[in-house]
Each structure stands twice: as C-alpha cells, then as structure tokens.
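Let's take a walk through this structure together. Have the sequence and the 3D view handy, and we'll go from one place to the next.

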Amino acid sequence: MLSLDLSGKNAFVAGVADDRGFGWAIARHLAAAGASVRVGTWPPALGIFTKSLERGKLDQSLPGGSEWAPTKIYPLDAEYDAPEDVPADVSENKRYAGLHGYTISEVAAALAHDLSGEGSGRLDILVHSLANGPEVQNDLLDTSRAGYLAAMGASAYSLVSMIQRFGPIMSADGAVVSLSYLAAERAIPGYGGGMSSAKSALEGDTRTLAFEAGRRFGIRVNSISAGPLASRAAKAIGTIERMVDYYAQNAPIQRELEADHVGAAAAFLCSPLAAAISGETLHVDMGYHAMGMIADTDLLTED
Ligand SMILES: NC(=O)c1ccc[n+]([C@@H]2O[C@H](COP(=O)([O-])OP(=O)(O)OC[C@H]3O[C@@H](n4cnc5c(N)ncnc54)[C@H](O)[C@@H]3O)[C@@H](O)[C@H]2O)c1
C-alpha cells in the first residue's frame, strides 16, 4: 500500500499561534505522518498560544484519535534576521519582554543545536506559514512606502532569509513549503497594502529559490496557493467571511475550504511522494483559480 511516511523526519513550521490557521493544520498533518514537529510563534502571540495549549483549548487531535503537541515552541519574529536588526522599541516592548533568540538566524542556530541526535539529526521540512501587512486594508494605490516594504519584508523576504539560514542545517532531500494566495497572479479587490505584491514575490522567489537551494542544499522549494480561510490573520482583511462564501458558490467544487485540505497537500509536498516536484505553486482552492467567469452570473441565464 502506498503510504505517506515522514517518520524520523524533523519539521519546523513557522507561523503557528492558534488552531485555526494553516500552520496548525500543516503541523498536525506532518505529525500524523510521523514527523517530529517544532513550531515558530510570533512573540506577541506566544503567551496566549502557550496558555491555550497548556489549558487544552486547542484541537490537538490527529486522525486515529491520538493527541499531538509541538515538540518545542520557538519564539520567532521573521522580520528580523539577526539580533542587531531588532530596534530598541521592539526589544524593549512589553510583548517581547524576557524573550531572546527570536530572530531567524538565532532560531536556526537553536534548531541546529536541538536537532543533533534527533531523528535524521537535520531539519527535513521547513514550512513558512506567516504573513503580515500593516496596511492590508488600504488599496495598493493608497499604500505608503513603509507599509509596502513592511508587507514585503515580513511576508516575502522572510522566506529568502529562512532558506539562507535554515538551508545549511537541512537534509539533502529536504523540502520547503510556503503559503501564497491568488492575489499573486490576479487582481483581488481588498487584498491591499502591498500584500498582493508580497505574494507575487513569494511565488517568483519559489521558482528562483527552488533552483538555487536545489543546487546548493539539494532541497525542494514549493508554495501552496490556498483558497480563503477565516483564520486570525485573514480576519484583518475585513471581508474574509464573504470571500469564503463567494468561493464556495463559484469554485468548481462547491465546498468550503478547510485548513486540513491544505495540511494534507503540504504533507504530500514535503514527502518522498513529491520527490520530483520543486519550484511549483500548487493551488489548493477547490479549483477556483481555474475560473475565468463567476458561475452565478445572469449571463448564463437565457432571455
Ligand atoms: N487565510 C487565508 O484566507 C489565506 C489564503 C491564502 C494564503 N494564506 C496564507 O497562509 C499563511 C498563514 O496564514 P493563516 O491565514 O493561516 O493565518 P494565521 O493567523 O494562522 O497565520 C499567520 C501567522 O503569522 C504570524 N506572524 C505574523 N507576523 C509574523 C512575524 N513577523 N514573524 C513570525 N510570525 C508572524 C502570526 O502570528 C500568525 O501565527 C500566510 O502566509 C497567509 O498569507 C492565507
């Protein structure tokens, strides 16, 4: 029987702070396939996330009824590459108080240390499931330079930086997956603030990084372009519930996307079953991306 087996693999999923987003679903699916899964959590969300876990408030179920929890939680702010990049107003902010080692290079060093002697002793799977665009509610045309660059830094460059620093500790058949959205390739009203630009960069970089990191580290780099999900991050867009309904009405498969659909696709892309797939952006959106005209239009009814 064909099986998706990730036993003995070490995974790191960056961008997990509750059980409603794609990161949590991906982590659960990797764990269900046998991987040891560590997660990276944005410092301002760390306290509430760890408390929710301790109090058993998150959906920790795996197929078959067993329970899962991350092997370890690392504070991670993907806006910063090294300690000297963190401005004083951030490091001294009460949401970062008492936390250290949350820049990308420090998390890579901590992982290198923690993984020695565990499973493959290397990082096998890296998932980038994070984004932030402070001006996402502004049209692109009304976005400030600072807002645009902040969206690009947190949501796109962070992948480049992570592969730069995690690549050297990854196993030669390792896999990287990031999360994108259709706004990378089509105009999506309401997805502003430079977030569409960041997703375009993320998808373009997926191809270039697939080549460069493939040659340098032997790893595969892919992206999933997911349909809308009412996650905590997506609620910042303001119209997410209506987008979810719209997709369910107009996609070829008239069903609401669940985070678990993306979790399963990510587990596949990170598995040996996808050994020949790299540089790809895989749509996991009930087929919506294939549509050229909405389905519930008056144009389809006869006079
Ligand atoms: N929800 C959707 O409709 C949708 C659709 C397509 C793609 N995506 C993408 O999926 C990914 C995950 O988002 P989600 O919707 O599951 O929401 P989510 O809220 O579960 O995940 C986003 C995570 O990013 C973290 N984050 C924000 N800034 C960070 C930083 N500087 N450093 C580290 N972490 C940071 C947040 O704390 C949060 O945990 C994102 O890339 C998002 O753009 C979402």
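Ser-271 touches Leu-4, Leu-6 and Ala-33, leaving out residues up to four places away in sequence; touching, or being in contact, is taken here as two C-beta atoms, placed from the backbone, lying within 7 Å. You'll find Ser-271 in the loop between α8 and β7. Those labels come from DSSP runs, numbered from the N terminus: helices are H or I runs of at least four residues, and strands are E runs of at least two. Before going on, note that this is a predicted model, where local features need pLDDT of at least 70 and side-chain atom pairs count only at pLDDT 80 or more, while totals for chains, interfaces and linings use all residues. Residues are numbered from 1 along each chain as its sequence is written.

So is Ser-271 buried or exposed, or something in between? It is partly exposed, because 19 other C-beta atoms lie within 10 Å. The scale runs like this: 20 or more other C-beta atoms within 10 Å of a residue's own makes it buried, 12 or fewer makes it exposed, and anything in between is partly exposed, with C-beta atoms placed from the backbone. The axes of helix α1 (residues 22-32) and helix α8 (residues 259-269) come within 8 Å and cross at roughly 50°. That angle makes α1 oblique to α8, because angles under 35 degrees count as roughly parallel, over 145 as roughly antiparallel, 65 to 115 as roughly perpendicular, and the rest as oblique. The axes are lines fitted to C-alpha atoms, for helices over the stretch in contact, and the angles run from 0 to 180 degrees between N-to-C directions. On the α1 side, the contact involves Phe-22, Trp-24, Ala-25, Ile-26, Arg-28, His-29 and Leu-30, and α8 brings Ala-259, Asp-260, Val-262, Gly-263, Ala-264, Ala-266 and Ala-267. Sorted by class, this contact has 10 nonpolar, 2 polar and 2 charged residues. Here Ala, Val, Leu, Ile, Met, Phe, Trp, Tyr, Cys and Pro count as nonpolar, Asp, Glu, Lys and Arg as charged, and the others, Gly among them, as polar.

Stay with Ala-266 for a moment. Not counting residues up to four places away in sequence, Ala-266 touches Ile-26, His-29, Val-127, Val-177 and Ile-224. Which residues touch the most other members of the largest nonpolar core? Of its 86 residues, they are Val-13, Leu-30, Val-262 and Ala-266. Helix α5 (residues 145-166) gives the most to this core, with 9 residues. A nonpolar core is a set of buried Ala, Val, Leu, Ile, Met, Phe, Trp, Tyr and Cys residues joined through C-beta atoms within 7 Å.

Helix α5 also packs against other helices. With helix α6 (residues 195-217), α5 makes an angle of about 15°, and their axes are 9 Å apart. The two are therefore roughly parallel to each other, and α5 passes α6 in a right-handed crossing. Among the residues that meet are Tyr-148, Ala-151 and Leu-159 in α5, and Met-195, Ala-201 and Leu-209 in α6. By class, the contact of α5 with α6 divides into 13 nonpolar, 2 polar and 1 charged.

Helix α4 (residues 104-115) packs with α5 too, at an angle of about 35° and with axes 9 Å apart. This crossing of α4 and α5 is right-handed. Ile-104, Ser-105 and Ala-108 in α4 meet Ser-161, Met-162, Arg-165 and Phe-166 in α5. That gives 4 nonpolar, 2 polar and 1 charged residue in the contact.

Just a few single residues remain. Ala-184 sits in the loop between β5 (170-180) and α6, and it is buried, with 23 other C-beta atoms within 10 Å. Leaving aside neighbours within four places in sequence, Ala-184 is in contact with Ser-196, Lys-199, Ser-200, Leu-202, Glu-203 and Ser-225. Met-286 is found in the segment after β7 (281-284), and its phi is near 60°, a positive value in a residue other than glycine. Ile-294 lies in the segment after β7 as well; it counts as exposed, with 12 C-beta neighbours inside 10 Å.

How values were computed
Left-handed = near helix turned anticlockwise from the far one by under 90°.
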